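Hello,

Please find the structure we discussed below, with notes on what was found in it.

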Amino acid sequence: MSRPLKVAAAQVGPIARDETRAEVVVRLLKLMEEAHNLGAELIVFPELALTTFFPRWYFEDQADIDAFFEKEMPSAETRPLFDAAKKYQMGFYLGYAELTTEDGKDRHFNTAIIVDKNGEIVGKYRKIHLPGHSEYESWRPFQHLERRYFETGDLGFQTFNALGGKMGMCLCNDRRWPETYRVLGLRGAELIMIGYNTPVHYPQAPEHDHLQDFHNELVMQAGAYQNGSWIVGVAKAGKEEGCELIGGSCIIDPTGQIVAQAKTLEDEIVFFECDLDRCDEIRENVFNFKRYREPENYTPITEPKKS
C-alpha cells in the first residue's frame with residue numbers, strides 16, 4: 001500500500017520591518033509556483049510568515065503591535081494565496097499573527113492554518129508553548145516578547161483530515177516539547193507541520209549558540225521517530241533586521257531520518273514525496289501505542305503546574 005503526498009517546505013529568507021504584506025505575499029506566491037512546477041500537493045510556510053519577527057522589539061503603543069496582526073484571514077492582501085491554492089490544487093500551511101475579538105475583547109494569538117486544495121481553511125492551531133519574556137529587558141541584544149504580545153493558544157493539539165491524510169500543526173518552540181508530538185501522535189497525525197523563527201544567538205546561554213541547528217534537528221527527528229509521523233519543519237531564515245535566524249528547513253520521515261533539507265538561508269523550496277502509509281512501519285512495531293504504552297505510569301506529565 002502507498003499514499004504518496006508531494007510536499008514542499010517553503011523556507012523564507014529575511015523579511016524587513018518595512019516590507020509590506022503585499023510584497024511578502026508576492027514572494028510566497030513565487031514559492032507556490034515553484035512548488036507547483038515540482039508537482040507539490042502541499043506547501044508549508046514558516047511561523048509568522050507575513051511579517052518580520054516583531055517580538056524582537058518592545059512596543060508601548062498597542063496600535064504599533066496590532067499593525068503586525070491579521071484581523072481577517074483571508075484578507076485583501078492574503079487572498080491571492082488562497083486563489084493560488086485553488087488554481088494549483090495545492091494545500092498550504094501558513095503561520096501568522098491573529099487578532100480576533102471575542103465578547104468585546106481583543107485577543108492575540110500566534111496562529112497557523114491548514115488550507116485545502118479548494119482554498120478553504122480546514123484547520124487552525126494557536127501556539128501553546130510561548131517562549132521568551134513579557135517585559136522589556138535591557139541586557140538583551142534583542143527582545144523576545146512573545147509572552148507580551150500573544151496569549152497561550154486555546155485550541156489544543158488537534159489533527160485534521162485533509163489532503164488524503166491526518167494532519168497536525170504546531171509552531172516553533174512547541175517542537176522542543178515531546179508532549180507536542182505525543183498528543184498529535186495519539187490523535188493519529190501522519191504529517192506534522194512546524195513553522196519556526198529561531199535566532200542563532202541564545203542570550204541566556206550563549207555557549208549553546210553553536211548547538212542551535214543540532215537542537216532543531218534533534219527534537220524534530222525524535223518527534224518523528226517516537227510517534228511514527230512525517231515532520232515538515234520550515235524556517236524563516238537568514239539575517240533579519242540584524243538578527244541571525246537559523247535555516248535548516250527539512251522533511252523528516254517516520255523513522256526519524258532527514259530526507260530533504262534546505263541548503264541556503266534564503267527563499268527556497270525543499271521537496272519530497274511523502275508516503276503517509278510509512279507511518280505504520282513505526283506504529284505497528286516499536287512504537288505501537290496500544291500494545292506498549294503504560295500511561296498509568298506517566299501521571300506526572302499531566303499534573304497541574306506548580307507556582
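**What was found**

The side chains of Glu 146 and Asn 110 are joined by a polar contact of 3.4 Å (a pair of N or O atoms within 3.5 Å; within protein, one must be able to donate a hydrogen and the other to accept it, and residues adjacent in sequence count only if both atoms are side-chain atoms). This is a predicted model, in which local features need pLDDT of at least 70 and side-chain atom pairs count only at pLDDT 80 or more, while totals for chains, interfaces and linings use all residues. Residues are numbered from 1 along each chain as its sequence is written, and side-chain values use heavy atoms, with hydrogens and water left out.

Glu 146 lies in helix H4 (residues 146-149); helices (H or I, at least four residues) and strands (E, at least two) are DSSP runs, numbered from the N terminus. Glu 146 is buried, with a relative accessible area of 1% (buried means under 20% relative accessible area, exposed over 50%, partly exposed in between, with a 1.4 Å probe and protein chains only). Leaving aside neighbours within four places in sequence, Glu 146 is in contact with residues including Glu 47, Phe 53, Lys 127 and His 133, where contact means heavy atoms within 4.5 Å.

Leu 130 is also on the contact list of Glu 146. Leu 130 sits in the loop between S5 and H4 and is buried, with a relative accessible area of 8%. Not counting residues up to four places away in sequence, Leu 130 touches Arg 147, Phe 150 and Asn 173, among others.

**First sheet**

Six strands make an open sheet in the order S5-S4-S3-S2-S1-S14, with mixed pairing; two strands pair if DSSP finds at least two bridges between them. The edge strands, S5 (121-126) and S14 (268-275), each pair on one side only. Strand S3 (residues 91-102) and strand S4 (residues 105-115) run antiparallel and are joined by 11 bridges. Tyr 93 has Ile 114 in S4 as its bridge partner.

Helix H3 (residues 79-88) packs on this sheet, touching S3, S4 and S5, and its direction makes about 145 degrees with that of S3 (axes are lines fitted to C-alpha atoms, for helices over the stretch in contact, and angles run from 0 to 180 degrees between N-to-C directions). Which residues of H3 are buried? They are Leu 81, Phe 82, Ala 84, Ala 85 and Tyr 88. Seen down the axis of H3, these buried residues fall within an arc of 160 degrees, so they line one face of the helix; the arc is that of the directions from the helix axis to the C-beta atoms. They pack against H1, S3, S4 and S5. The face turned away from the buried side carries the exposed residues Lys 86 and Lys 87.

Strand S7 (residues 165-171) pairs with strand S8 (residues 191-196) in the parallel sense over five bridges, and Leu 171 stands opposite Gly 195 in S8.

**Core**

Val 7, Leu 191, Met 193 and Met 220 touch the most other members of the largest nonpolar core, which has 45 residues (a core is a set of buried Ala, Val, Leu, Ile, Met, Phe, Trp, Tyr and Cys residues joined through side-chain atoms within 4.5 Å).

Regards
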